[in-house]
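I opened the notebook today to look up a few things in a model, going from single residues to the whole chain.

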Amino acid sequence: MNDFIQTIAVYAIPVIFAITLHEAAHGYVARLFGDPTAQQAGRVTLNPIKHIDPVGTLLVPVVILLTSKLLGAGGLLFGWAKPVPVDFGRLRHPKRDMLWVALAGPASNLLMAILWVLCFRVYRDIGLDESFWYEMAQAGISVNLVLMALNLLPILPLDGGRILFSLLPHRLAWQYSRIEPYGLIIVLVLLVTDVLWILMEPIFSLGAGIVNWFL
C-alpha cells in the first residue's frame with residue numbers, strides 16, 4: 001500500500017499539470033482565432049480545479065494504477081479532463097481554424113514533456129537520480145507523451161479527429177463527423193482489446209524521439 005501511495009504522489013502533479021495546460025491551451029488558441037467561449041466560461045486558466053473531471057481525472061487513473069499494482073502488471077494510464085467549451089462556429093474560419101485549436105492541446109503536452117526532460121537532466125546531474133523528484137520527472141515525461149499520443153489518434157472527438165476533419169474535403173469531412181457520437185466507445189473498445197497502445201505507439205515514439213534531443 002505504501003508503494004501505491006508513493007506512485008499516486010509521483011504521478012499526481014504531472015497528471016494535473018498535463019490536463020490543465022492541455023485544456024487551457026485549447027481555450028487560449030480558440031480565443032486567438034475568434035471564439036471567446038472558453039474565456040467566458042473561465043476555462044482559459046491554469047487553475048486545475050476548473051479542468052478536473054472527478055471520474056476521468058481522479059477515479060479512473062487511480063483504479064488503473066491500483067489494478068496494475070494488485071496484478072503486478074503494467075498498463076496504459078488512461079483518463080480525461082472536462083473538455084474546454086469551443087464553439088467552432090464562432091471561429092473566423094471554422095473548418096480551417098479547428099486544426100489549430102485541436103493541435104494546441106497535444107502541442108502543450110509535447111512542450112511539457114520537454115520541460116520535464118530538462119528537470120530530469122538537472123536532477124540527474126546534481127545526483128538526485130534516486131529521489132522522489134527524479135521519479136516525478138520521469139512520470140511527467142511519460143504522462144505527457146501518452147496524453148499527446150492518445151489525443152492525436154484520428155478518432156472524433158479526440159484532437160486528432162478534429163485535425164483530420166479540418167484537413168478533409170468538405171463532403172468527406174461531414175461524412176466522417178458522423179462517427180463522433182461513437183468515438184469514446186471506439187476508444188474504450190480499443191483500450192480493453194489492447195489495440196489502443198498499438199495505434200498510439202508510433203506517435204509516442206515520435207514524441208519520445210523529439211524529447212530525447214534535450215537529454
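Before looking at any residue, I wrote down the cut-offs: buried means under 20% relative accessible area, exposed means over 50%, and partly exposed falls in between. I also noted that this is a predicted model.

**Entry 1: Thr20**

I began with Thr20, which I found in helix 1, residues 2-32. Is Thr20 buried or exposed? Its relative accessible area is 2%, and the cut-off for buried is under 20%, so I put Thr20 down as buried.

Next I asked what the side chain of Thr20 reaches. I found the backbone oxygen of Ile16 at 2.7 Å from the side chain of Thr20.

Then I looked for partners beyond four places away in sequence. Thr20 touches Thr45, Leu46, Asn47, Pro48 and His51.

**Entry 2: Ser142**

My second stop was Ser142, in helix 5, which covers residues 132-151. I read a relative accessibility of 26% for Ser142.

Which backbone oxygen lies 3.0 Å from a polar atom of the Ser142 side chain? I traced the oxygen to Ala139.

Setting aside neighbours within four places in sequence, I listed Tyr11 and Phe204 as the contacts of Ser142. I followed up on Phe204: 62 residues separate Ser142 and Phe204 along the chain, and their C-alpha atoms are 9.1 Å apart.

**Entry 3: the whole chain**

I then stepped back to the fold. I counted 9 helices and 0 strands in the protein chain, and from the N terminus on the elements read α-α-α-α-α-α-α-α-α. The radius of gyration is 18 Å, close to the 17 Å that the globule rule gives for 215 residues, so I noted the chain as being as compact as a globular protein of that length. Along the principal axes, the C-alpha trace spans about 55 × 35 × 35 Å.

How many of the contacts between residues at least 6 apart in sequence join residues at least 24 apart? I wrote down 72%.

**Entry 4: surface and charge**

Buried residues make up 43% of the 215 in the protein chain. The accessible surface comes to about 11600 Å², and I noted that 69% of that surface belongs to carbon and sulfur atoms.

Last, I looked up the charges. The protein chain has 14 positive and 14 negative side chains, and I found the centres of the two sets 13 Å apart.

Notes
Residues are numbered from 1 along each chain as its sequence is written. This is a predicted model: local features need pLDDT of at least 70, side-chain atom pairs count only at pLDDT 80 or more; totals for chains, interfaces and linings use all residues. Side-chain values use heavy atoms; hydrogens and water are left out. Helices (H or I, at least four residues) and strands (E, at least two) are DSSP runs, numbered from the N terminus. The radius of gyration is taken over C-alpha atoms; the globule rule is 2.2 Å times the number of residues to the power 0.38. Buried means under 20% relative accessible area, exposed over 50%, partly exposed in between (1.4 Å probe, protein chains only). Contact means heavy atoms within 4.5 Å. Accessible areas come from the Shrake-Rupley method with a 1.4 Å probe; for residues, only the protein chains shown count as cover. Lys and Arg count as positive and Asp and Glu as negative; His and the chain ends are not counted. The place of a charge is taken as NZ of Lys, CZ of Arg, CG of Asp or CD of Glu. A polar contact is a pair of N or O atoms within 3.5 Å; within protein, one must be able to donate a hydrogen and the other to accept it, and residues adjacent in sequence count only if both atoms are side-chain atoms.
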